[in-house]
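Biologist: I would like to learn how to read a structure such as the one shown here. Could we go through it feature by feature?

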Amino acid sequence: MAEVLESSQPIGSMDSRAKWKYLDNILTRTGPFTDEDFPCGEGAIESLSRAKVLVIGAGGLGCEILKNLALSGFQDIHVIDMDTIDVSNLNRQFLFRHADVGKYKADVAAKFVEKRVKGVKITPYCGKIQDKDEEYYMQFSLIVCGLDSIEARRWINATLVSMFDDTDSDSLKPLIDGGTEGFKGQARVILPTITSCIECQLDMHAPRAAVPLCTLATIPRQPQHCIEWAHIIAWEEERKDITLDTDDSEHITWLFQKALKRAQEFNIAGVTYSMTQGVVKNIIPAIASTNAIIAASSCNEAFKIATGGSNPFLGTPGADNYMMYTGDDSIYTYTFEHEKKPDCPVCGNLARPLKVDQRFTLEEFLDGLAERPESQLKKPSIRTEGKSLYYQSPPSLEEQTRPNLFKKLNELVEEGEEVVITDPAIPGQFKYKLRFS
Amino acid sequence: MLKIWSMKQKQQQDEAATAGSKKKKVTAAQLRVQKDLADLSLGSTMKLSFPNPDDIMNFNFTIEPDEGIYKGGKFLFDFKINQNFPHEPPKVKCTQTLYHPNIDIEGNVCLNVLREDWKPVLNLNAVMVGLQFLFLEPNASDPLNKEAAEDLKINREGFKRNVRAAMGGGTVKGRTYDRVLK
């Protein structure tokens with residue numbers, strides 16, 4: 001298969017736009033649903049080829065997304081992934097070959113797609129999304145996520161929301177998020193601060209199903225219970241000083257042997273090495289075609305957004321922004337509008353610049369806030385990312401942070417640093433970026 | 001309608017905006033913990049202490065039950081909350097060796113809201129009240145320490161005596177427990 005693919009003529013070897021004939025049919029014509037401002041023709045073609053798009057994740061979804069974007073006419077693609085290729089990825093992460101095992105996914109995926117689709121530039125970054133700052137994310141027109149982690153989604157979402165500046169339309173970065181689990185998946189579009197964000201939608205993620213600890217400890221019924229017992233209880237009892245590394249085959253083997261022995265005691269069949277690996281690493285069976293469906297949907301939205309209204313897209317303010325897909329019980333899709341939460345901790349109340357006299361004490365500052373009609377705080381607690389400035393409760397923390405009340409603001413907070421204030425009297429929170437005067 | 005396709009490159013960055021942009025921002029998890037701390041209503045039997053007051057995601061929690069079998073004891077727990085909170089529950093461990101049907105020798109706690117019944121709408125108060133409840137009503141049907149659970153089921157009075165002995169730092173069924181009396 002690999003040989004066939006690689007020896008075939010790369011797309012784009014023809015030196016013309018002929019290869020984009022069908023794409024251009026869409027971009028050079030209007031239809032009944034095109035936006036009246038759609039830059040039909042040259043304008044649309046140019047905005048697509050100049051769009052700089054970031055793909056987060058180069059795994060199951062990421063391979064599909066990179067391939068789709070490159071074949072849809074995007075020419076400047078960046079990709080971030082911190083992972084290296086594992087042999088178990090090869091069944092569906094089709095940009096990787098056996099010889100690539102151990103190499104960084106972002107690197108290999110970028111090289112493969114660049115080679116296969118002439119004219120596309122893919123810039124990989126092998127590392128964490130948290131390594132990059134706002135200046136980095138500011139360069140992109142839109143961001144497409146193919147992640148398996150809720151933590152990473154929450155991080156990029158919070159970053160994009162806080163980057164938004166209402167005086168600068170370029171600071172609005174549409175976020176397209178695809179996600180799959182077995183036969184199920186979702187594609188959604190977030191326009192930071194305008195439409196419902198990932199944090200608003202946090203309850204759309206089902207929490208990981210957990211078995212009561214006492215079931216694991218006393219009456220296991222399933223092979224998975226025996227594995228979780230070995231993972232949570234036996235390891236702690238017998239190998240407390242060794243940090244469990246789920247990628248270390250010796251560690252997995254130890255857990256597997258423990259689980260197997262326990263399963264035999266309780267007459268439970270079915271504990272295997274690969275099941276042990278699956279339970280311990282919380283591997284969710286990935287289905288290649290679910291990834292293909294979700295990635296296709298995500299990339300179509302990216303295409304529509306980048307070409308400026310060729311067709312209505314998911315996430316248009318006031319319209320649907322979330323498409324769920326279920327393939328395990330027959331086949332079902334449902335598209336709806338998930339509404340913004342007014343008290344969302346991320347997009348509910350954006351950080352506003354606030355001018356304060358740096359010689360104010362924290363107490364004077366809080367008293368001043370209490371008098372502002374917008375806040376009317378009664379028992380405010382306040383912190384920066386790294387510092388607890390003042391907490392009303394619990395009593396021990398109140399006592400520990402009380403001395404800060406008498407310190408001057410410039411001893412506690414840096415110029416431009418964000419402070420967050422909560423109060424039991426108000427549902428959301430206030431965020432301010434302090435500017436000293 | 002948004003004009004997202006206006007791709008003109010911004011020539012000058014607003015310097016003031018970038019100056020503040022590299023500073024870290026309070027995370028959604030921290031914010032939620034901050035709210036949960038403000039909403040605590042624990043009474044006099046439960047206390048929190050913060051080894052590092054700037055870090056509200058890791059703290060110690062003490063229960064001193066004023067009634068029930070465990071009255072007179074002082075029980076210590078360690079709370080660790082990660083950035084996935086409240087999607088994931090806090091990680092809670094008892095830091096003492098206790099004779100308790102729902103707490104094992106390693107300090108693991110069998111409390112439904114810490115695992116299978118955790119929901120993001122629950123808060124730290126719910127977890128703490130749940131922990132206290134384990135000392136008021138130890139539960140023999142969810143055993144983590146099987147011997148203690150059997151003991152409670154078969155002979156409640158004998159179990160009470162064993163709890164008192166264990167709390168005093170004594171030995172029960174061949175195992176020595178931590179002294180946890182106030």
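Modeller: We begin with helices and strands, which are DSSP runs numbered from the N terminus, a helix being H or I with at least four residues and a strand E with at least two. This is a predicted model, in which local features need pLDDT of at least 70 and side-chain atom pairs count only at pLDDT 80 or more, while totals for chains, interfaces and linings use all residues. Residues are numbered from 1 along each chain as its sequence is written, chains are lettered from A and ligands numbered from 1 in the order in which they are written, and side-chain values use heavy atoms, with hydrogens and water left out.

Biologist: How much of chain B is helix and how much is strand over residues 28-172?

Modeller: That stretch is 31% helix and 15% strand, and its end C-alpha atoms are 45 Å apart. In an unreviewed UniProt entry, residues 28-172 of chain B carry the annotation "domain: UBC core". UniProt positions are given here in the numbering of this model, feature names are shortened, and annotations may be inferred rather than shown by experiment.

Biologist: How many helices and strands does chain B have, taken as a whole?

Modeller: There are five helices and six strands in chain B. Read from the N terminus, the elements run α-α-β-β-β-β-α-α-α-β-β.

Biologist: Which residues is B:Cys110 in contact with, leaving aside neighbours within four places in sequence?

Modeller: Contact means heavy atoms within 4.5 Å. B:Cys110 touches A:Leu213 and A:Cys214 in chain A, as well as B:Asn102, B:Leu134, B:Asp142 and B:Leu144. For chain B in general, of the contacts between residues at least 6 apart in sequence, 53% join residues at least 24 apart.

Biologist: Into which domains is chain A divided?

Modeller: Domain bounds come from an automatic or database domain assignment. In chain A they give domain 1 (2-206 + 286-336), domain 2 (213-280) and domain 3 (352-436). The C-alpha centres of domain 1 and domain 2 of chain A are 38 Å apart.

Biologist: In what order do the strands of the eight-stranded open sheet of chain A stand?

Modeller: Two strands pair if DSSP finds at least two bridges between them. The order is S3-S2-S1-S4-S5-S6-S7-S8, with mixed pairing. Strand S3 (121-126) and strand S8 (332-336) of chain A are at the edges with a single partner strand each, so one side of each has no neighbour in the sheet. Within the sheet, strand S5 (residues 175-181) and strand S6 (residues 184-190) of chain A are antiparallel and share seven bridges; A:Gly179 has A:Gln186 as its bridge partner in S6(A).

Biologist: Which strands form the five-stranded open sheet?

Modeller: The order there is S9-S13-S12-S10-S11 (chain A), again with mixed pairing. Its edges are strand S9 (352-356) and strand S11 (388-390) of chain A, each with a single partner strand, so one side of each is left without a neighbour. Strand S12 (residues 418-422) and strand S13 (residues 430-436) of chain A pair in the antiparallel sense over four bridges, and A:Val420 has A:Lys431 as its bridge partner in S13(A).

Biologist: How many disulfides are there over all chains?

Modeller: A disulfide is a pair of cysteine sulfur atoms within 2.5 Å, and by this rule the count is zero. For A:Cys226 the nearest cysteine sulfur is that of A:Cys214, 15 Å away. A:Cys226 is buried, because its relative accessibility is 0%. For A:Cys347 the nearest cysteine sulfur is that of A:Cys200, 3.5 Å away, and A:Cys347 is in no disulfide. A:Cys347 has 4% relative accessibility and so counts as buried.

Technical notes. Buried < 20%, exposed > 50% of the residue type's maximum accessible area, 1.4 Å probe, protein only.
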